[in-house]
Amino acid sequence: MKISVIVPVYNVEEYLGKCLNSLVNQTLKDIEIIIVNDGTKDNSEKIINKFLKKYNNIKYYKKENGGLSSARNYGISKASCKYIGFVDSDDYIDKTMYERLYNKIISDDYDVALCDLYRVYDEKLVYTSSNVKNDLKNKKEIQEAMLNIYPTVWNKLYKKELFNEIKFKENVWFEDVEILHKMFIKFNKIGVVKEPLYYYVQRSGAITSKVNNKIYDYISNMNGVIEYHKKNNTFIENKDILEYCYVRYIYATFVKRVMELPIAEFKKALNMAIENVNDNFPNYRKNKLFYRSTKGIYLILFNKSLALIIYKIKHKSI
């Protein structure tokens, strides 16, 4: 087998069949599919058993519920191939995805190969770029790419060895952002297949669609990235990149998400965001990277008053 594909399963009976069908029908046949039942409470196991009877390249494991990261880490421990990929069990993939990513990753000994994706809504597909246009052959190019890379693990194929020291943080949401921003210092080359091959299904019950106290994991995850780089003596050489990414995720992604909260909770979240940015990067406005894009200028101008104005405008229009 050439690739291990890890599929965590938890309460996805409505979507699982389509997901597994897209995996067993890959044009690259040398794939082991590692299904991790993370304590699912619905009929997902019945669907899994039907595939187990029909296909011999599926490995099936059951464990107590520990969350997505726990299931992924468990799957990694069972993977036997040199290359490893992840597919969320409510999504599906193009039948050529792993053949094309595999051919790319072996073509020049890339550490990771990635593709674009579709966001799948009820009545339409929306093309979404990985925000990496070309193959990246050196550390400088990879640093630049991390400024805007689409921060998910599932539209990528990796050398398994990358996970020897770095694992998914468990008991948090939005863990993809943290692991990618830890791992990028280990990338020497990134290969790109510039076509949408992953289908990211948008559903109301998904983790990323919810707004509750787990939203604060955005902040703790990014703090984890900074702590990791400081611990491994890679912070100074990557400071400008880390600073930009940190402020962008806190002042753009996090603040945008908490705009859905009631005003009192929003103010609490906003204060927490500002406090964390001030603690970690009080002088970020001196970083030249922020002056290269419209989004960067917004982050330069960002302050509490501006955020409250945007919040009021948003809620008047609802």
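Predicted model: local features only at pLDDT ≥ 70, side-chain atom pairs only at ≥ 80, totals over all residues.
**Entry 1: Met222**

Leaving out residues up to four places away in sequence, I found Val177, Cys245, Tyr246, Tyr249 and Ile250. Met222 itself sits in helix α7, which covers residues 217-231.

Is Met222 buried or exposed? I read a relative accessibility of 2% for Met222, so I put it down as buried. The cut-off I needed here is under 20% for buried.

Met222 and Glu123 are 99 residues apart along the chain. Their C-alpha atoms are separated by 34 Å.

**Entry 2: Asp91**

Next I went to Asp91. I found it in the loop between β4 (83-86) and β5 (92-93). Its relative accessible area is 1%, so Asp91 is buried.

Which side chain does the side chain of Asp91 make a polar contact with? I found Tyr198, at 2.8 Å. I also listed the contacts of Asp91, setting aside neighbours within four places in sequence. They are Cys19, Tyr198, Tyr199, Tyr200 and Val201. Tyr198 therefore turns up in my contact list as well as in the polar contact, and a contact here means heavy atoms within 4.5 Å.

**Entry 3: β6 and β7**

I turned to two strands. Strand β6 takes in residues 112-120, and strand β7 takes in residues 125-128. They run antiparallel, and four bridges join them.

**Entry 4: helix α11**

My last stop was helix α11, residues 304-316. It has 13 residues. From its first C-alpha to its last I read 19 Å, close to the 18 Å expected at 1.5 Å a residue.

I checked which residues of α11 are buried, and they are Ala307, Leu308 and Tyr311. Why do they share a side of α11? They cover an arc of only 95° around the axis, which puts them on the same side of the helix. I looked for what covers these buried residues, and α9 (263-280) is included.

Then I looked at the face of α11 turned away from the buried side. That face carries the exposed residues Lys312, Ile313 and Lys316.

I finished at the N-terminal end of α11, which Asn303 caps. A side-chain oxygen of Asn303 lies 3.1 Å from the backbone nitrogen of Ser305.

Definitions and conventions: Residues numbered from 1 in each chain as written. Heavy atoms only, no water. Expected span 1.5 Å × (residues − 1). Buried < 20%, exposed > 50% of the residue type's maximum accessible area, 1.4 Å probe, protein only. Arc of directions from axis to C-beta. Polar contact = N/O pair within 3.5 Å; in protein donor to acceptor, adjacent residues only side chain to side chain. Pairing = 2+ DSSP bridges.
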